[in-house]
Each structure stands twice: as structure tokens, then as C-alpha cells.
Amino acid sequence: MEQEYLEWQPLFRDIAQFYLPRLYAWLNSSPNGGKQPSAAKTTNSKILHSGGTEALRTMAHGMMNGITSPARPWFRFRLEGFGDEDDQYPSAELAWLETCTERVQTILGESNFYNVMGVQFIDISLFGTSAVLTYEDFDEVVRFYNVPVGEFVIAQSSRRSVDVFGRFFAQTLRQAVQEFGEECLAPNELIRYKEGKGGELDTMLIYHLIEPNDQKSDASIRVPSTFAYRELFFRVHPQPKLLKKKGFHEKPSSVARWEITGNDTFGTSPAMDAFADVKQLQVAVKQKVQAKDKMIRPPVVADLALKGDPLALLPGGVSYVPGASSVGARAIYTVNPPLGEMTAEIQDLVQTIRRQFYNHLFRNVSDL
């Protein structure tokens, strides 16, 4: 699984740098050290115009509004074998279905579901693949977790549906103890954790695997055969150690993909289709800025008499020269770029990018 991800990683990294570099720090960092990469240290030097990022977010918000809108009901329960119309159901069954629908809507609204879906729509629009983990929660009934691209790998079955999900992630020692207990720590980590003084905020690398429950595997990682899937948490360094195992009747991982080509595991995305135009947009903006800069601050040739006077060529600068002197400075060449045409080119690129992200469709839907 990791080998296939590594084939996609260069493309994912390039796309992130031109759209949302700070959201996907794992793509630019090696997880081997177990230290959580920081978005604060990730720069966006590739982005000179935010047209691509704006189009991406418009698409994600449009899908959120059209598919899982938190402002209006977007699903309802119905029974197999019946139609969608209310008059096809007896009143008692219809009331039960409506009650179930309202309760699930309430549960989702009071959980972090809509926050997670907002990020998932960005992921699938940008990388063509997004992953969410779903777990039962004592406080909120259910809780959802986004898994950033660069942190997970996947494999698919013969039906080409994702049935194996693996990831590596960094946790602080404090978080690991809260989830797995103190026995998950190595001896030196346990000392730092108990001493405090910030040591409990040191990080450790944890591996996470969700896969079909194979009863032929090693007995140490089996769960009862009544479960269709099993979940394993383990460490590799400083020595291999199983931290937790659990069984599930349904997959707790959900992987959405935009478009699949052949037997590819990862999907393609609108951001990939618009990638060339987004890069061209940055070049066009850079050229326009350079052209304006040469108009405002053209390269000049100056008399040697002005050498050593840094104020002479600045606004308000005064140069003292002998009377009737021809000492001065002038532009080496005149720059007169077609700024209007350059601006029009940039606007055309922005409109092309917006079309590739279906912004015209989502804006029309939002206006309804």
C-alpha cells in the first residue's frame, strides 16, 4: 500500500503547494522521526494569486450545501420495498421513520459531523481521495475524524472498493496514555511523561490498520469471528508492540474517491484537471508584477558623480552637483508592457479554473 502511495505522493505534494500548502504538512515531512509536522512552518511561496484556492473552496462549499447542508434536511429514512412518497406508508410506520430521521439529524448536528464533512469535501476536490473515521462516542453518541492526505494508505478488494485502511500518525505522550494507557510507552518515555516539565507533550509515532477480519492470521491480532473488520494500533519503534485491537461489524473508515481509472486505488480530482491552468496563472501574475515594477522602477544609468549618494535617486532625494553640470540619471530603456492584455489573460485563466471546479453550477445551486 505504501509503495502505491509513494507513486502518487509527488503529485499530491505539488498540488498542495499550489492550492492549500498549510493543510497538508505530512506531504512535505518524513514521519520516521515521529514528530508531528507543523503547518506554521509550511510556506506558500508558490501561490501569487488565490484564484485556484478560491475556486477549490467554492466547489467544496457547494458540495457541502448541496449534499450535506447543515441548514436544511438532506436525508430521510424509507423502508425497502416501499416508494418515496408519504402516502405509500401507514401512518404509524411513517411517524416512526420521521422520528428516526429527526433523531439522527439531531445527533449529527450536535456532533462534529458537519465540520468534518467540510474538510472532506476539500480533500476530495483537491486530491480525489478523502478519508474519515467514525466511532461511537460517550458524550456525542458518534464522533468523526478527518485523516489528512499523506497520513494514510489504502487497498481495494476485487470489487474495487476500499477494504483496507492504514495510517501513521503522531500523538503526544499524554494523548497516547489517555487512549492506550501507560503501558504503551517505552521506559524512557514513561520517565519523561511522569516527570512532566513538558515531557508529556513529546510525540510518538503510532501505526493504525483497519482490515477484514482474517481468522487465518496470527492469533495475537485476531478478534472474534462475529466481527467483519478488525482495528489494530501498534508501534514499530523502539520495538514492535500491539497497543490495541478491536472488532467492528462495519468499517469505521470511509474513503471517498472522485474518479477512478482502471485499478488505481487513489482517485483523480478537479484540482488535477485545473493544475496546469493554476500554475500558468501564477506565472502570468508574476510577469505582470515584474512588468509594473519595471515601469515604476526602471533600470537606470547614472553619472559617476552620483555614486555614493544613496538618496539621489529616491523620492525626495537631493543631489548636489556643480553649476551647469550635465550630471544625472536616466532609464536604460523604456518599458511599456500591455497591462490591459495581461490583466485580461489573468481573468481568462481565473474563469477557466472556476469552470473546471464547476463553480458556475454550484453558484447557481446556492442561488436557488
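Trainee: Why is Cys100 called partly exposed?
Mentor: This is a predicted model, in which local features need pLDDT of at least 70 and side-chain atom pairs count only at pLDDT 80 or more, while totals for chains, interfaces and linings use all residues. Residues are numbered from 1 along each chain as its sequence is written, and side-chain values use heavy atoms, with hydrogens and water left out. Buried means under 20% relative accessible area, exposed means over 50%, and partly exposed lies in between, with a 1.4 Å probe and protein chains only. Cys100 has a relative accessible area of 22%, so Cys100 is partly exposed.

Trainee: What makes Cys184 buried?
Mentor: Its relative accessible area is 2%, which is under 20%, and therefore Cys184 is buried.

Trainee: How many disulfides does the structure hold?
Mentor: The structure holds zero disulfides, a disulfide being a pair of cysteine sulfur atoms within 2.5 Å.

Trainee: How many aromatic pairs are there, and why is the pair of Trp74 and Phe75 called edge-to-face?
Mentor: There are 22 aromatic pairs. Rings of Phe, Tyr and Trp (its six-membered ring) pair if their centres lie within 6.5 Å, and planes under 30 degrees apart count as stacked, over 60 as edge-to-face and the rest as tilted. The ring centres of Trp74 and Phe75 are 4.8 Å apart and their planes stand at 65°, so this pair is edge-to-face. Trp74 is partly exposed at 31% relative accessible area, whereas Phe75, at 19%, is buried.

Trainee: How do you know that the charged end of Arg167 sits over the ring of Phe169?
Mentor: A charge sits over a ring if NZ of Lys or CZ of Arg is within 6 Å of the ring centre and within 35 degrees of the ring normal. The charged end of Arg167 sits over the ring of Phe169 at 3.9 Å from its centre, and that of Lys279 sits over the ring of Phe275 at 4.6 Å.
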